[in-house]
Amino acid sequence: MKYVLPFLLLLAACGADSVTELKGGDSIIFGQFFGFCMGEQCIEIFKLTKDGLYEDSNDTYPARDKFYEGKFTKLSDDKFRIAAGFETKIPSALLNQNERVIGQPDAGDWGGYYVEVNQNGKREFWIVDKNQLYLPDNLKPFAGELNDLIAKLSD
């Protein structure tokens, strides 16, 4: 019985640095961008909420010093089903990053990812390199999953 309280405290601490199920006003904004590119596919930004998946129509290159301001339009339920649950794949390694820019996003025209987490009244964002050579090992699997999800949603 003396181990129950420490175990519960450990569980609470683990939940504090990870994204859980989206509720109410929570959202995840994510996507990719390429600087030297032409066409609609150069910037793909999505917003996931508990009620649906939305795509940005502004297609603005994300700034490194401010939150992305998009104009989001709701997508089909089929697309929502593809993205549902993605919030739980965001690793604590990203959430605990002190740096807003990770790697050298789009430095060699290989693009970057934008990831924003809005949960429980807290809002954070990161600009993440698409080139795995410039990512820490603990973020490489997430970058791969993010790339795969964006490809599926962009079909």
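Modeller: Residues are numbered from 1 along each chain as its sequence is written. Local features need pLDDT of at least 70, side-chain atom pairs count only at pLDDT 80 or more, and totals for chains, interfaces and linings use all residues.

Biologist: What is the mean pLDDT of the chain?

Modeller: The mean is 86, and 86% of the residues reach 70 or more. pLDDT is the predictor's confidence in each residue, from 0 to 100. Over residues 1–16 pLDDT stays under 50, and the model has 0 contacts there beyond four places in sequence; a contact means heavy atoms within 4.5 Å. Where pLDDT is low, the predicted coordinates should not be read in detail.

Biologist: Why is K79 called buried?

Modeller: Buried means under 20% relative accessible area, exposed over 50%, and partly exposed in between, with a 1.4 Å probe and protein chains only. K79 has 18%, so K79 is buried. K79 lies in helix α2; helices are DSSP runs of H or I with at least four residues, strands are runs of E with at least two, and both are numbered from the N terminus. Leaving out residues up to four places away in sequence, K79 touches L53, K152, L153, S154 and D155.

Biologist: Why is L133 called exposed?

Modeller: The relative accessible area of L133 is 73%, so L133 is exposed. L133 sits in the loop between β7 (122–129) and α4.

Biologist: What makes β4 and β5 edge strands?

Modeller: The open sheet has 7 strands in the order β4-β3-β2-β1-β6-β7-β5, with mixed pairing. Strands β4 (72–74) and β5 (101–102) each pair on one side only, and they are the edge strands.

Biologist: How do you know that β1 and β6 pair?

Modeller: Two strands pair if DSSP finds at least two bridges between them. Strand β1 (residues 27–33) and strand β6 (residues 112–119) have 7 bridges, in the antiparallel sense. One of the bridge partners in β6 is N118, which faces S27 in the bridge.

Biologist: Which residues line the second largest pocket?

Modeller: A pocket is an open set of points on a 1 Å grid over the protein atoms alone, where a 1.4 Å probe fits, with protein on both sides within 12 Å along at least five of seven lines; lining residues have an atom within 4 Å of a point. Here they are I82, A83, A84, G85, F86, K89, E145, D148, L149 and K152. α4 gives the most to this lining, with 4 residues.

Terms used: Heavy atoms only, no water.
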